[in-house]
Structure formats: C-alpha cells, structure tokens
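I opened the model today and kept notes as I went. The entries follow in the order I looked things up.

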There are 2 protein chains.
Amino acid sequence: MELFAVPGLPEVQPGDDLAGLVADRTELADGDVLCVASTVVSKAEGRVYEYADFPAGERARAIADHLEAVTGDEKDPRFAQAVLEESEELLTEAPFLLAVTRFGHITVNAGIDRSNVPDGDLLLLPEDPSASAQRLSERLDVPVVVTDTSGRPFRYGQRGVAVGWAGLPASRDWRGERDRDGRELGVTVQSVVDELAGAANLVAGEGDDGTPAVVVRDWSFGDHDGSNNLFRADEDDIVRAALRDWSF
Amino acid sequence: MELFAVPGLPEVQPGDDLAGLVADRTELADGDVLCVASTVVSKAEGRVYEYADFPAGERARAIADHLEAVTGDEKDPRFAQAVLEESEELLTEAPFLLAVTRFGHITVNAGIDRSNVPDGDLLLLPEDPSASAQRLSERLDVPVVVTDTSGRPFRYGQRGVAVGWAGLPASRDWRGERDRDGRELGVTVQSVVDELAGAANLVAGEGDDGTPAVVVRDWSFGDHDGSNNLFRADEDDIVRAALRDWSF
C-alpha cells in the first residue's frame with residue numbers, strides 16, 4: 001500500500017470544481033482510493049460563513065454564558081448558534097459542545113472550523129459528506145473518503161476519521177471468518193474508512209504546508225462482506241446514554 | 001509513504017525472539033517504523049493462559065452473573081476474573097466490561113483475546129506494551145508501535161490503535177503553528193501512533209491470512225514538537241466521569 005499527496009492544489013474557493021482540480025494534478029489508477037479533507041470539500045461547496053450569519057437565539061446565549069463561566073474564556077454566542085443549527089442534539093453543553101451532526105457524526109462543535117477559513121469566520125462540514133463523496137467518486141471513477149480530524153474519549157489527540165464515503169463500504173465485516181486455528185474471529189467489523197482517513201492524515205499534515213487530498217494506491221478492500229454503518233445507532237451507544245444523564 | 005507486511009512470519013511461540021524473526025524476513029531501512037500486533041508480542045512474552053489460571057472470586061462471579069442476565073449469553077466467571085486482574089478499574093460492568101488496563105489503555109475486556117490462541121484459552125495484552133516496543137526498537141534500530149484493534153464510542157467497528165510505542169513520540173504537537181492564513185491551528189495534537197496503527201491494520205488484515213508485522217516506509221514525524229501522552233488522564237476525560245456515574 002502506498003499513499004501520496006496530490007501535489008500543488010491551490011486554495012479552494014466556493015464553486016471550484018474540486019474533482020477537476022484533483023484530476024488535473026494526478027493520474028488516478030484503477031484501485032486507487034482518494035481521501036479528501038472535508039475542509040476543501042466544504043470550501044468548494046460554499047460552506048464558509050460569517051458570525052453575522054448566525055444571530056444568537058436564547059438557547060445559544062445561555063450555552064455561551066455557561067461555557068464562559070465554566071472555562072473562563074470569552075465565548076461568542078453566534079458560534080454556539082452555528083453549532084446548534086448544525087446539530088441534531090448536543091450530548092454535552094459543558095465543558096465543550098459535543099454535537100451529533102445532522103448526518104450522524106459525533107464531534108466537538110459539530111466539526112465547525114475556525115482556522116483555515118480565508119474568506120469568512122466559520123467553515124462548516126459538508127451538509128451531507130457521503131453525497132459529496134459520491135459526486136467526487138462519480139467524476140473521478142475511484143472510491144472517495146471525505147475526512148476530518150476529531151478528538152475522542154479515553155485518548156489524547158486527534159486522528160483522521162471518515163465523515164463521508166462512496167465507492168467502498170465503510171467497514172469490512174469478518175463475521176463468520178476464521179483465525180489461523182479455525183476459531184471464529186473476535187474482531188468482527190473493521191472500520192476501513194476510518195483507517196484510510198487516519199493513514200491519509202499522516203501524509204496530509206496540517207497547517208500552511210497541509211495537502212488536503214491523498215491517494216491510496218495498491219490497497220484492496222478484498223473479498224469480504226461490507227457494511228455501511230459507521231455512525232452508531234442511538235440504542236447501541238452506551239456512551240451517548242451516559243453523557244445524556246451526566247452534567248459537568 | 002509505503003506500507004508492507006513482513007512476509008512469512010511463523011506462528012509465534014512463548015520465548016520466541018520476535019525481533020529476530022522480523023529481522024530475518026525483511027531489510028529494515030533508516031526511517032522505517034515497525035508496527036507489530038500485540039497478539040504476537042504477547043505470544044512471544046508468554047502471555048497465553050488457561051481459564052484454570054483464573055479461579056473466579058466473588059466479584060468475578062457477580063459480574064458474570066449480571067452479564068449473563070443482561071445479555072442472555074453464558075459467561076465464564078473465570079474470564080471476568082482475568083479481566084479484573086488485568087484492570088485498574090472497570091468503567092462499566094454491563095452490557096460489557098469496559099476496563100482501564102494497568103498501563104492506561106481503555107478497552108473492552110482489558111483487551112484479552114479469545115481467538116488466535118493456539119495453545120491456551122486466553123491471550124492477555126503485553127504487561128507493559130511500551131516496554132515491549134522499547135526492547136524491539138533497540139534490537140531492530142527503528143521506532144516500533146505495538147498495535148491492537150479496539151472498538152470505540154459513537155462509531156461502529158474496530159480500528160487499529162497503538163497500545164505501546166518507542167523510538168517516536170505518540171503525537172505531533174502543532175500548537176503555535178499556523179494555517180495558510182497565519183491563524184493558529186485549531187487541531188493541535190495529532191495522535192500519529194494511532195494513525196500508524198490504523199494504517200498498518202489496513203495491510204495486516206485478520207484471520208488465517210493475517211500478517212502481524214507491518215513496515216511503514218518513507219514516513220517522517222517531521223520537525224514538530226512531540227508528546228508521549230496518549231492515554232487520557234482521569235481528570236481530562238469527561239466520558240470516563242459520565243460512565244462512572246451511569247449504570248446499564
């Protein structure tokens with residue numbers, strides 16, 4: 001397996017043809033998977049906003065006041081408003097906003113980015129990242145994973161995760177397959193899109209020399225069952241249940 | 001960046017010289033990182049046990065009874081005893097045992113494996129995976145990541161994670177670095193050892209054709225600050241707090 005960044009991508013602008021920008025800069029081969037950072041997908045899709053686009057309602061003001069009291073940092077209630085509008089639910093309102101996005105991904109601040117936004121204040125995640133992946137995949141004729149970076153319980157640091165995907169299943173399902181000794185496998189579902197996103201993030205980097213599109217070559221999903229469930233259903237998520245019952 | 005499996009590793013036995021087995025089968029180059037599955041590290045270190053090695057105490061019997069009632073599946077109290085002995089704390093006792101291992105990793109069943117154990121019932125994680133990584137790294141003269149696969153909150157499926165590492169920091173710390181527009185970066189700490197473990201798992205696979213050692217070539221940690229904190233401190237982990245307060 002080999003990973004390399006698509007070289008020389010310019011700063012992406014709203015309305016840009018992202019598939020075209022990638023196709024002009026690299027020769028994609030049969031079997032490649034393209035991992036694209038959600039930031040550039042969002043920029044191309046015009047998901048750049050100003051604080052003024054999110055006049056704060058009562059709940060957003062209450063959330064920002066509470067966060068300010070808890071953290072000691074100044075909080076803009078319009079940011080809380082943006083997070084609310086991008087979310088189905090907030091699992092925690094303090095010490096940070098842990099949101100369930102409208103497409104099912106759980107992440108702090110609904111994944112809204114305040115860095116890397118040249119022409120605005122806020123960069124929202126794509127509205128439907130798997131639909132974005134699907135459009136890119138059709139144009140480029142390879143599977144596509146739309147990636148973000150996200151923190152996680154139990155472990156420090158962010159790692160790359162998939163927020164959308166098309167042209168490959170989210171997971172390899174090993175159920176029913178056997179280990180070397182013929183026993184049924186304990187690990188049954190391998191989240192390959194998350195592993196691809198993490199691998200791509202090793203190559204992509206952050207910051208002013210970040211490269212938002214990475215090609216994965218000579219990797220194969222293989223002859224396994226696939227599953228497209230990545231975001232846990234509510235009833236299968238004890239951490240979600242525990243967080244709802246808890247307050248900071 | 002390129003990843004390839006170390007070819008032809010035999011079934012590893014207690015007392016085997018794992019570093020020698022790897023060195024005999026691949027030419028490691030300067031800058032390589034070796035990712036090794038904890039299963040083979042554990043086997044070489046003799047972490048294979050029988051159920052009989054864990055006579056169940058009162059607490060283990062109570063946990064197994066409760067789990068059996070909740071899940072409807074038969075539960076061996078000796079397995080619960082093994083999990084207890086490998087753990088500092090259980091964050092949940094139902095619907096599954098979510099354990100804080102003695103070295104700080106949080107995972108179901110303290111990472112004890114019941115598949116892939118040819119000469120016993122249970123394969124325990126290495127006692128101190130970073131110490132194991134350190135020994136391998138000194139012998140092989142490359143950084144080493146000891147990997148496991150683990151489920152996670154919010155998302156279905158397992159992905160590769162690091163349980164131990166040596167010869168490189170756990171994370172790249174981007175704090176103080178700037179994005180393309182000169183703003184300070186929002187994402188500050190990138191857990192590279194977890195991303196390496198996930199990438200290696202894409203190549204390693206599971207089951208009877210699994211390859212437990214993977215070489216990462218032409219990847220560089222780069223000129224960044226590093227951090228060796230991977231397992232969250234208790235006071236920084238709101239999910240741990242919420243789970244303690246919660247019961248199934």
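This is a predicted model: local features need pLDDT of at least 70, side-chain atom pairs count only at pLDDT 80 or more; totals for chains, interfaces and linings use all residues.

Next I listed the buried residues of helix 5 of chain A. They are P129(A), S130(A), S132(A), A133(A), L136(A), S137(A) and L140(A). Seen down the axis of helix 5 of chain A, these residues fall within an arc of 150 degrees, so they line one face of the helix. I reminded myself of the general rule: an α-helix has 3.6 residues a turn, so residues three or four places apart point the same way.

I then checked the length. Helix 5 of chain A has 12 residues (129-140), and at 1.5 Å a residue they should span 16 Å. The end C-alpha atoms are 16 Å apart, which agrees. After helix 5 of chain A comes D141(A), with a positive phi near 65 degrees.

**Entry 1. Helix 6, chain A.** I ran the length check again on helix 6 (residues 192-204) of chain A. Its 13 residues should span 18 Å at 1.5 Å a residue, and its end C-alpha atoms are 18 Å apart, which agrees. Is helix 6 of chain A enclosed or open? I found 13 of its 13 residues buried, so helix 6 of chain A is largely enclosed by the rest of the structure.

Entry 2. I looked at both faces of strand 5 (residues 98-101) of chain A, and both are covered. L98(A) and V100(A) are buried on one side, A99(A) and T101(A) on the other.

I followed its pairings. Strand 4 (residues 87-92) of chain A runs antiparallel to strand 5 of chain A, with 4 bridges between them. S87(A) stands opposite T101(A).

The hairpin of strand 5 and strand 6 of chain A has 4 residues between the strands, and G104(A) takes a positive phi near 105 degrees in it.

**Entry 3. Domains of chain A.** The contact takes 12 residues from domain 1 of chain A and 12 residues from domain 2 of chain A.

Which elements give two or more residues to the domain 1 side of this contact in chain A? I found helix 2 and strand 8 of chain A. Helix 2 of chain A gives the most to that side, with 3 residues. By class, the domain 1 side has 4 nonpolar, 4 polar and 4 charged residues.

**Entry 4. A sheet in chain B.** I finished in chain B. There, 3 strands form an open sheet in the order 11-10-13, with antiparallel pairing. Strand 11 (189-190) and strand 13 (225-227) of chain B stand at the edges, each with a single partner strand, so one side of each is left without a neighbour in the sheet. I checked one pairing: 2 bridges join strand 10 (residues 171-173) of chain B to strand 11 of chain B. D173(B) stands opposite V189(B).

Notes:
Residues are numbered from 1 along each chain as its sequence is written. Chains are lettered from A and ligands numbered from 1 in the order in which they are written. The expected span of a helix is 1.5 Å times one less than its number of residues. A residue is buried if 20 or more other C-beta atoms lie within 10 Å of its own, exposed if 12 or fewer, and partly exposed in between; C-beta atoms are placed from the backbone. The arc is that of the directions from the helix axis to the C-beta atoms. Two strands pair if DSSP finds at least two bridges between them. Two residues are in contact if their C-beta atoms, placed from the backbone, lie within 7 Å. Ala, Val, Leu, Ile, Met, Phe, Trp, Tyr, Cys and Pro count as nonpolar, Asp, Glu, Lys and Arg as charged, and the others, Gly among them, as polar.
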